[in-house]
There are 2 protein chains.
Amino acid sequence: MNFTIGARCGAARAGRIETAHGAFDTPAFMPCGTKAAVKGLDPRELREAGIEILLCNTYHLALRPGEETVAALGGLQKFMSWDGPILTDSGGYQVFSLAPLRKITDEGVTFQSHLDGATVKFTPERVVQIQEALGSDIIMPLDEPIPFPPDPKVARLALDRTHAWWKRSKSTKTNLFGIVQGSIVPELRKESAQAIAAADPPGFALGGFSMGEPAAQMDEMVAYTVQQLPDAKPRYLMGVGMPRDIIAAVKAGVDMFDCILPTRMGRTAMAFTSEGLLRLRNAKFARDERPLDAACGCACCRKFTRAYLRHCFAVDEMLGPKLLSLHNVHYYGNLMARLRSAIREGTLEKVTA
Amino acid sequence: MNFTIGARCGAARAGRIETAHGAFDTPAFMPCGTKAAVKGLDPRELREAGIEILLCNTYHLALRPGEETVAALGGLQKFMSWDGPILTDSGGYQVFSLAPLRKITDEGVTFQSHLDGATVKFTPERVVQIQEALGSDIIMPLDEPIPFPPDPKVARLALDRTHAWWKRSKSTKTNLFGIVQGSIVPELRKESAQAIAAADPPGFALGGFSMGEPAAQMDEMVAYTVQQLPDAKPRYLMGVGMPRDIIAAVKAGVDMFDCILPTRMGRTAMAFTSEGLLRLRNAKFARDERPLDAACGCACCRKFTRAYLRHCFAVDEMLGPKLLSLHNVHYYGNLMARLRSAIREGTLEKVTA
C-alpha cells in the first residue's frame, strides 16, 4: 500500500492510496457493503457516484456465505463484481452489538451466530485469516469496543486487551491497519496511539467514536487522537458519520470514512441535500415538482420530482429507497470531492454540509 | 392511434402502434408499473431491456396519489419520468380482487378502498375520466370479470353488464379499447366480440384469461376469440403470462401483453433463462460461477454470478430482487424481439421459450 499526500490545508490532507485492486483519492468515503452488497445499488451506480472504495463486513460474511466460499469464488471483488479496493472491518464491533451469549477471554471472543445460534470463535489471528481469505485490500484487527459512557475499570481492561490482541495481529498478505481506542479519555487515546504505532502499521483506524458522545466532544477527541499519530500514514475514522462530522474530521486530518447513513437514511425516506435533510414522507412534498436537490447531478435528481419520490415511499415502491440511497451516496461522494478540492485550493474552512 | 401491420406469419402479425407519447413495435410486452413504478426498475433500465410501453393501474393510482394529483403534476409520463406510451387498465379487475364490501349494480361498482376503507364508486364513465386525467395513451373500459370456472347464469349477467357498461364508455381524449369477455364459452366469446366491435374501438382487449383454465384451453379460446375480431385493429391479451402463453398467443394473432410475472418472480428468486426457470435460492448455486443466463446480455448476466445472486437472496439483500427483476424483464423484452423477428422472417414456428 502506498499513501502519498498531494496537498495540505491546515491539518487536513488530500492524497491518494494505492492498493492491489487500484487506487483511491483521500479523503475518501466508503459506502457499506455489509453483506457484500451496498443496499440496493450496483457497482456501476457506485462508480457513477464517485465511489472508489467499499467497506465489507467480516462478521456477516464469515457467517454467510463464509470466507471459504468467497475465496473459492475468487475473492470479494470478483464475488460482488466490484473492481476497486475493498476494506473489511474485523467483525469485532458486530460481535459486541449483534451476537448473543458472547464470552470474552484474553484468547478471543466466543459467541453465538445471530442467525442460527451456532457457536463461533473470533481470535485476533482468526479475524486476520478470514479477511485474508475474503481478499480485502485493507483489513482490521480484532478489538474490544469500550461502551459509552466509559467506566474507567471497563475501559482499562478493554484497552489492555485490544493492545494485547494487536500484538498478536499480523498479516503477510495484505494491509493490516491498527485500531486506536480509548473512548473520550485523552490519556487513554494517547496511550493507545503509542501502543498501536509501536508495530508501525500501514494505517491507523480511530475506533469508538459516534458512540453517543456530543458532536463537539467527538470533534475534539478525534483531533486530539490524530495529533498522536504519525503524519505519513492514512487515518480512518470508523463508522462516522453525518456530513458535519466528516467535515470536522477532515479538517482534523482524517483521510478515510465509512458509514451506513447514506443508504440507511435513504431507505427511510431521508435525503441529504444542499438545502439540508429532507424527509420525503412529508405530505408537503405531494405536489412538489422540484428535484430532490437542484444542485445534484445524480440520476435521481436529474429524472424525478420530490412528488414522485414521496409517492414511491407512500405506496411502498422499492424504487423510493433505491433512488434515495443512490442520491445520498452521490451526496457523500460529492461531499468528499468538494473536500479534496478545497484542501488543494486552500479553501477548506468554507466547506459546509 | 395508428396501427400498421408490417409482416405476417400465419395468424401472427408484426406491426407498430403510434401514440401521442411515441410508438412501439408489436407484438409488445408491457411491464406492470402498477403504482406508477415498475418494481425496483427505473425508466433507463426498462429502456435498456427493450421495453417501449408500460402498463399502470387505475385502481391503485386513483386511490394514491389520486388522478387529480397525477394530472396536476403533468400526467403519468412526466410523473414517473417515462417518456413513452402508457396503457392503463380500468381498475375493474382490482376492484373485484382486492376491494372488500363491493356492491355491483347496473350503474357501476361501489367498494371500500383496501387501504383505508373509504367508500369509492367506479362507473363506466368515471373510470374513463380517471384514465384521461392520468394522461394514459390507451385506456380500458370498466368490465365485470367472470369467475372461473364459469357458472352459466353468473357469466350471462356479467357479460350483459360488461356490454351495457361498454355502451356508456366513451373517450374523446384518448384511445379506448374494448374488452371482450366470455370466459371459456365460445358462444359468449363470439357474442362479446361482436358486441364490442359494434362501437369500432381502436383496439381490442381479451379479458378473463389466465384465470385457472388449463393452458391448452386458454390457447384454444384465445385463438378462437381472435378469429372473431377485425384484422386491422390491435389485440391485447390482458394479464398473460408465462413465456409459453405469450408465444402461443402471438401465433394466434395477439399483439400486446402485460404481466406481473417477470418482476414478481424476480422478487421471489426465480429467473427465466434460456435453460428454463432457475430457482436462485437453491443451495446448488452457492458456488456456481456461471452467469444467470449465458445467452443474455443484460447488466445482471454480464456482471454477476449465480453464486452472488443466490447469496443476495440468502442474506436478504435487495440487490437480489432488483437484479433478477432486471434480468426477467430483459428476458421478456428479448422474447418479444425474437417473436417480431421470427414473424418477419417466417420462422415463428421455431420460437420456443
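## Charges over rings

A charge sits over a ring if NZ of Lys or CZ of Arg is within 6 Å of the ring centre and within 35 degrees of the ring normal. In this predicted model, Arg47(A) lies over the face of Trp82(A), 4.4 Å from the ring centre. In chain B, the charged end of Arg47(B) sits over the ring of Trp82(B), also at 4.4 Å from its centre.

## Basis of the model

The model is predicted, so local features need pLDDT of at least 70 and side-chain atom pairs count only at pLDDT 80 or more, while totals for chains, interfaces and linings use all residues; side-chain values use heavy atoms, with hydrogens and water left out. Residues are numbered from 1 along each chain as its sequence is written, and chains are lettered from A and ligands numbered from 1 in the order in which they are written.

## Aromatic pairs

A pair of aromatic rings is described by the distance of the centres and the angle of the planes. Here, rings of Phe, Tyr and Trp (its six-membered ring) pair if their centres lie within 6.5 Å; planes under 30 degrees apart count as stacked, over 60 as edge-to-face and the rest as tilted. The structure holds 16 aromatic pairs over all chains. One of them joins Tyr331(A) and Tyr332(A) edge-to-face, at 6.4 Å centre to centre and 70° between the planes. Both Tyr331(A) and Tyr332(A) are buried (buried means under 20% relative accessible area, exposed over 50%, partly exposed in between, with a 1.4 Å probe and protein chains only).

Tyr59(B) and Phe111(B) form a tilted pair, 5.6 Å centre to centre and 35° between the planes. Tyr59(B) lies in helix 2 (residues 58-63) of chain B and Phe111(B) in strand 8 (residues 109-112) of chain B, so the pair ties together parts that are 52 residues apart in sequence. Helices (H or I, at least four residues) and strands (E, at least two) are DSSP runs, numbered from the N terminus. Tyr59(B) is buried, at 0% relative accessible area. Phe111(B) is buried too, at 1%.

## Helix packing in chain A

Helix 13 (residues 306-314) and helix 14 (residues 319-345) of chain A pack at an angle of about 130°, with their axes 7 Å apart. Axes are lines fitted to C-alpha atoms, for helices over the stretch in contact, and angles run from 0 to 180 degrees between N-to-C directions. The two helices of chain A are therefore oblique to each other. Angles under 35 degrees count as roughly parallel, over 145 as roughly antiparallel, 65 to 115 as roughly perpendicular and the rest as oblique.

Helix 13 of chain A brings Tyr308(A), Leu309(A), Cys312(A) and Phe313(A) to the contact, and helix 14 of chain A brings Leu319(A), Gly320(A), Pro321(A), Leu323(A) and Leu324(A). Contact means heavy atoms within 4.5 Å. The contact residues divide into 8 nonpolar, 1 polar and no charged. Ala, Val, Leu, Ile, Met, Phe, Trp, Tyr, Cys and Pro count as nonpolar, Asp, Glu, Lys and Arg as charged, and the others, Gly among them, as polar.

## Helix 6 of chain A

Helix 6 of chain A spans residues 124-134. Its buried residues are Pro124(A), Val127(A), Val128(A), Ile130(A), Gln131(A), Glu132(A) and Leu134(A). Gly135(A) follows helix 6 of chain A, with a positive phi near 85°.

Leu324(B) is in helix 14 (residues 319-345) of chain B. Leu324(B) is buried, with a relative accessible area of 0%. Leaving aside neighbours within four places in sequence, Leu324(B) is in contact with Gly266(B), Ala269(B), Met270(B), Ala271(B), Leu280(B), Leu292(B), Leu309(B) and Phe313(B).

Gln94(B) is in helix 5 (residues 92-98) of chain B. Gln94(B) counts as buried at 13% relative accessibility. Not counting residues up to four places away in sequence, Gln94(B) touches Asn57(B), Tyr59(B), His60(B), Asp89(B) and Ala99(B).

## Backbone exceptions

Most residues other than glycine have a negative phi, and most peptide bonds are trans. A cis peptide bond joins Phe148(A) and Pro149(A), with omega about -5°. Pro149(A) is in the loop between strand 10 (138-139) and helix 7 (152-168) of chain A. Another cis bond joins Val240(B) and Gly241(B), with omega about 5°. Gly241(B) lies in the loop between strand 14 (235-237) and helix 10 (243-252) of chain B.

Asp200(A) has a positive phi, near 50°. Asp200(A) is exposed, at 53% relative accessible area. Ser210(B) has a positive phi, near 55°. Ser210(B) counts as partly exposed, at 42% relative accessibility.
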